[in-house]
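Here's a quick briefing on a single protein chain, sorted by topic. Have a look at the sequence and the model first, then read on.

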Amino acid sequence: MALSVFSEQLVRYRKLRGFTQESLARLLNVTPQAVSKWEKGGYPDGELLPEIARILDVSLDVLFGLQSEDTVHPTALLCKSLRALPDAEKADYCMNVFHSLLSAFSNIKSHEYAIPEKLLRETYAELKTDYEFALARLNKDMRYFCFVQIPEGGIDSYAVINDRLLQFFRLLSRREALQIIYFFAGVERNHLWSAEKIAECLHLSMDVTKEVLDELDKMGAIWEVKVDAKGDTGSVYGYTYSLPLTTILVLATSFINYIQYRDPLIEIWDRGAFRQDAP
């Protein structure tokens with residue numbers, strides 16, 4: 001059976017706005033099977049039509065093919081759709097949009113834009129071109145999307161090998177440094193801690209704790225505040241909540257887990273992201 005104009009437009013605008021059948025169904029208070037039925041040629045109850053048009057931010061005339069598509073810029077429509085969602089659903093929406101954009105690099109039409117609801121294994125989406133690369137982990141226990149636009153001079157024109165970079169990786173190779181980073185990142189925001197309390201909580205010696213805190217302070221992962229109380233001078237430490245550091249730890253875990261399953265895997269490149277000529 002040929003699809004109706006309504007069904008085709010419903011599918012088109014649902015995907016354009018980054019909704020899955022399940023997320024659209026939740027917003028309409030219907031079952032995903034109902035949305036699937038509409039997209040295969042059926043029609044919703046009449047009273048649902050205005051709400052569908054509102055959620056998809058499109059006129060009923062456009063949904064039924066009586067008027068050409070809206071001329072509003074797609075990014076404005078995506079932002080409006082995001083703002084309309086409850087806070088708890090915004091992350092899923094963003095991940096689906098990111099996944100859709102990555103999938104659009106592929107000419108294989110079988111690639112679904114929305115992230116599958118059920119993933120049978122640890123699944124990543126990966127993109128490599130001469131101009132950008134992207135990596136996304138799709139499983140709900142840890143979802144992320146990382147997109148990098150490759151500079152004209154390559155990644156190594158920015159990520160230069162120098163003493164400070166080597167110092168950073170040496171610091172992260174210490175178990176005590178990771179323990180302290182995880183400790184700070186998991187406690188109440190803007191809470192300050194003394195070295196003595198940190199050492200007690202993590203069962204570390206004071207010498208090691210103070211040494212690592214000094215190194216983390218130099219790298220900008222934590223900040224030190226001098227305290228003068230009743231004539232006694234000491235220090236307390238707070239966390240900078242560095243997003244690059246958090247991202248590095250997440251990506252490092254993916255790397256050591258040996259990424260094996262990628263869907264989609266899109267490779268359209270001739271050179272790697274590092275442009276430095278081989279000696």
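P264 has its place in strand β7 (residues 262–268), where strands are DSSP runs of E with at least two residues, helices are runs of H or I with at least four, and both are numbered from the N terminus. The peptide bond leading from D263 into P264 is cis, with omega near 5 degrees.

Some ground rules before the rest. This is a predicted model, so local features need pLDDT of at least 70 and side-chain atom pairs count only at pLDDT 80 or more, while totals for chains, interfaces and linings use all residues. Residues are numbered from 1 along each chain as its sequence is written, and side-chain values use heavy atoms, with hydrogens and water left out.

**Overall build**

- The protein chain has 12 helices and 7 strands.
- Its radius of gyration is 25 Å, well over the 19 Å from the globule rule for 279 residues, so the chain is more spread out than a compact globule. That radius is taken over C-alpha atoms, and the rule is 2.2 Å times the number of residues to the power 0.38.
- Along the principal axes, the C-alpha trace spans about 80 × 55 × 35 Å.
- Take the contacts (heavy atoms within 4.5 Å) with a separation of 6 or more: 55% of them link residues 24 or more positions apart.

**Surface and charge**

- Of the 279 residues, 36% count as buried; that means under 20% relative accessible area, with exposed over 50% and partly exposed in between (1.4 Å probe, protein chains only).
- The accessible surface comes to about 17600 Å², and carbon and sulfur atoms own 56% of that. Areas come from the Shrake-Rupley method with a 1.4 Å probe, and for residues only the protein chains shown count as cover.
- There are 31 positive charges (Lys and Arg) and 39 negative ones (Asp and Glu), with His and the chain ends not counted. Their mean positions sit 3 Å apart, placing each charge at NZ of Lys, CZ of Arg, CG of Asp or CD of Glu.

**Nonpolar cores**

- A nonpolar core here is a set of buried Ala, Val, Leu, Ile, Met, Phe, Trp, Tyr and Cys residues joined through side-chain atoms within 4.5 Å.
- The largest one has 23 residues, and I180, F184, I198, L213 and L216 have the most contacts inside it.
- Elements giving two or more residues to this core are α8 (163–172), α9 (175–185), α10 (195–202), α11 (206–219), β6 (232–239) and α12 (243–256). The top contributor is α9, with 5 residues.
- Leaving out residues up to four places away in sequence, I198 touches I180, F183, F184, W193, T209 and L213.
- A second, separate core of 22 residues includes L10, I55, L63 and L85.

**D217**

- D217 is found in helix α11 and is partly exposed, with a relative accessible area of 28%.
- Not counting residues up to four places away in sequence, D217 touches I222, W223 and E224.
- D217 and Y239 are 22 residues apart in sequence and 9.4 Å apart in space, C-alpha to C-alpha.

- N29 is a residue other than glycine with a positive phi, near 60 degrees. N29 lies in the loop between α2 (21–28) and α3 (32–39) and is exposed, at 72% relative accessible area.
- Y241, also not a glycine, has a positive phi of about 50 degrees. Y241 is in the loop between β6 and α12 and is partly exposed, at 31% relative accessible area.
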